[in-house]
Amino acid sequence: MTSYDDEGTPPAAQSPQLELSESTISLPRIRSPEKAADRSTRLVSDLSLPFRRSNPSLSAIFATTSGSAPPSRSSSFINTGTPPIPQIGQSIFSPGPQERVILPQSTNNRDVILRSFVPHVAVYPSQDVEDLLAQKGYSGGLLQLIRPYGETVQGKVTIRDNTGSSKSWEDYGIRFTKLKDGLDGPRMADRKSTDIRPSSVDVVDRYFPASSARLRTGGDIPYIEDTIGKHISYAESQAPPAVEDYLTHGMTAESASPHASPFHLLYLRRLLSGIPVTPHETLSHPVACVIAISSRHPDPIEELRQMYANTTAGDQRLPQWVNPEYLRYYVLVHDEDHDDAQRSTTLFDQMKRHFGLHCHLLRIRSEQCVPSDDDCVRAPICEWLSAAEELTEIQKQESHETAEDPGPWLFDSDTASIRNFVREMVTQSIVPVMERLRDQWNDQIASRRRGLTGRFNSIAKKWSPFGSSRNASSPLGNPNNPNSNYDSLQGFYRPDAPEAIMRKLADYAFMLRDFRLAQSTYELLRTDYSNDKAWKYYAGANEMAAMTMLLNPSGLPAKIRAETVDQLLEAASYSYLARSLSPYYCLRTLAVAVELLMLQGGSGADDAARWACRITELDLTGPLGHALFAERVAAAYASRQGTGSKQWGARKRKSALWSVFATEAWLNLDRPRQAEKNLQEVFKEYDLNAKETEAFGFQGMRIMLADLADTVDMKKGDSEPFPSLDAVLARKLGHLEVAGEEPVMEKLDARSHRRSSNLVAGGSTMTDPLGVGPMPIERAGRVEDDAAQEEKLS
């Protein structure tokens, strides 16, 4: 593993994590013959866990939020394709582009990353709109009604980059939130890995008392792990056919590799859900605000003016570090059952005359829909729920004992109207406004900084005391650096400062998937933030610069990746963790980098494994997250394909070793089925299903694997965990005294350059290669003989 070699120490306020190393794996010296014989005589039964019948609504939550539900237009992945493998140097340790790398769920993981950083749209309805929707059965109001439909916009969305070329995306979406959502930052629970993990009821009641805005805010790592634990328990409680369908539904032939884990994909999705609103990045700042009013209101125009004033200077005003000049989109909600259509049309025309073209007439029925209606459809469930919000929803559905799905349900006409509203707002208002602002900021601010004059002015402002001040627009500033716009006392730039506008430009370009412009802007910001000692801003710029480089469709050569991306990730992780005390953002940086590095192929798999190891070393996750990232290290090493008949450059044994670590981590969490899956991967990597003549050579590893298999069997407490490997265990993993065989020496490669084979050929004594095996039997016998001879002499 790599060590965290930057200066400073990681902060103490971190999520606890299960320590795994070679020293924690228990290695018994003797294996009981009775236990080995008992293992070969027990009957095998697949129905090891009782089948629990769950209500349909709870099943829909688990299926939709895990991504295993049948695809639909509102909640489905539409893959954009994996970028081509970059051209890298031809080497026995770096296979050429003709070698296809098997990547577990790589396409889905890339889509998750792309769909997580999308424009955020605030929802601000009037009270009459909330009353109308409560009558319809939506206690959450307008946000609950339209939120699932914004996650994937119907049809293709065409976006133009800064050079004028257009590209269409089928998986583009937005995120609907409340104006005050996300203002509370990530909070780490004060508990250790040895503590009893609280149930979802305790989590919600203790940390989220009646606060829906706090529920919709993500970033709380302990609650992410509680959510994944709920999904694992649900999957393990089903009958084996249901478990197989739950774990492998929707996977392609390549993504359904042995190392693919749907729970890691769900962990990544929950990690990127509910991004908090912070000063150092504008990815979650509102791009637009939907101001909605119903046709029932006696004076709707005046009410809309008052609501607009509330968002600029009233009780709905965002903090001063959020730019208040975002798009206002006005919506008139028309009741098809009780309101006059002619009056609503006239009122809508009046709205467009007063507020411009960014208006929409939303036609819905106020009557509550029931499953018995002919044109009734089940409302979709949000995929991008925060962990605490999903725990609350699971808790609520578990309290329903009836087998009927409580809904909510919608009429077909309402569904079509909402989809049309979302598509029109995105394609005709949000995307064009973002493109216009991106081009405007790029021409007026960023272009000047990229030229020779801009670079010279930056140097003069940094070193010359007579340089022109950059904080001319701000009465505040850094008292230690008068040429800085950064307010070190409050920890942010004002929204009209050039650095804040450029960060908004880079984030807009990233959300519009213009990665080249975003990368060049982030590179400019890194220098400014470093000069101003705005360390959290600096960490965020490094994080996004690395992400944009890895998302570039053209790919990166191995040399540039090693020289540039590694430095960016080192700077981001160190600044987030040691300087800013933000472990959530450090985990987000490294987790996303691991997935994108695996897409690079070749040596990118080694880099991905190294950064996944860094996550476990820094204690950024809890016990469950540690087990998942140990699996991810094994998957990264397994994806590295060798070349030639000898598979030079493969990482087969490293993958097996990390599968062993993951096995013990799952056993410590009392998850024997997950441990069994990883242990089966170890058997496959070490070729324990091979012919009898190809015996496994490491005696210590044989005994350790046999002990892990016994532990899995004991914790499952029902049947033999490896029914197809009984003969293998008796032949290869059984204790030597049980099998009655002589000790098996290490089977070494015949390659002459191997140092170990030269030592054996020269007559050196064979030692345990891993340092974990028991004392050889022959040596132990000699020691006993020597002891007996000494007693006789005495």
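Q: How many aromatic pairs does a search of the whole structure find?
A: The search finds 15 aromatic pairs. The structure is a predicted model.

Q: Take Tyr486 and Tyr537: what is the geometry of their rings?
A: The ring centres of Tyr486 and Tyr537 are 6.0 Å apart, with the planes at 80 degrees. Planes over 60 degrees apart count as edge-to-face, so the pair is described as edge-to-face.

Q: And where in the chain do Tyr486 and Tyr537 sit?
A: Tyr486 belongs to strand 10 (residues 486-487) and Tyr537 to helix 18 (residues 535-551). They are 51 residues apart, and the pair thus links distant parts of the chain.

Q: How many bridges join strand 1 to strand 5?
A: Strand 1 (residues 120-125) and strand 5 (residues 286-294) run parallel and are joined by 6 bridges. As one example, Ala122 has Cys289 of strand 5 as its bridge partner.

Q: Switching to helix pairs: how do helix 23 and helix 24 pack?
A: Helix 23 (residues 652-668) and helix 24 (residues 672-685) have their axes 8 Å apart and pack at an angle of about 160 degrees. The two are therefore roughly antiparallel, and their crossing is left-handed.

Q: Which residues make that contact?
A: Helix 23 contributes several residues, including Ser659, Val660, Thr663 and Trp666. Among those from helix 24 are Pro672, Asn678, Leu679 and Val682. By class, the contact has 9 nonpolar, 5 polar and 3 charged residues.

Q: What angle does helix 23 make with helix 25?
A: The axes of helix 23 and helix 25 (residues 699-716) cross at roughly 30 degrees and come within 11 Å. Angles under 35 degrees count as roughly parallel, and these helices are therefore roughly parallel to each other. The crossing of helix 23 and helix 25 is left-handed.

Q: Which residues are involved there?
A: Val660, Thr663, Leu667 and Asn668 of helix 23 meet Met704, Leu705, Leu708, Thr711, Val712 and Lys715 of helix 25. This contact comprises 6 nonpolar, 3 polar and 1 charged residues.

Q: Last one: how do helix 10 and helix 20 cross?
A: The axes of helix 10 (residues 262-271) and helix 20 (residues 583-600) come within 11 Å, at a crossing angle of roughly 135 degrees. That makes helix 10 oblique to helix 20. The crossing is left-handed.

Q: And what makes up the contact?
A: His264, Tyr267, Leu268 and Leu271 of helix 10 contact Tyr584, Leu587, Arg588, Ala591 and Glu595 of helix 20. By class there are 6 nonpolar, 1 polar and 2 charged residues.

Conventions
Residues are numbered from 1 along each chain as its sequence is written. This is a predicted model: local features need pLDDT of at least 70, side-chain atom pairs count only at pLDDT 80 or more; totals for chains, interfaces and linings use all residues. Side-chain values use heavy atoms; hydrogens and water are left out. Axes are lines fitted to C-alpha atoms, for helices over the stretch in contact, and angles run from 0 to 180 degrees between N-to-C directions. Helices (H or I, at least four residues) and strands (E, at least two) are DSSP runs, numbered from the N terminus. Angles under 35 degrees count as roughly parallel, over 145 as roughly antiparallel, 65 to 115 as roughly perpendicular and the rest as oblique. A crossing is left-handed if the near helix is turned anticlockwise from the far one by less than a right angle, and right-handed if clockwise. Contact means heavy atoms within 4.5 Å. Ala, Val, Leu, Ile, Met, Phe, Trp, Tyr, Cys and Pro count as nonpolar, Asp, Glu, Lys and Arg as charged, and the others, Gly among them, as polar. Two strands pair if DSSP finds at least two bridges between them. Rings of Phe, Tyr and Trp (its six-membered ring) pair if their centres lie within 6.5 Å; planes under 30 degrees apart count as stacked, over 60 as edge-to-face and the rest as tilted.
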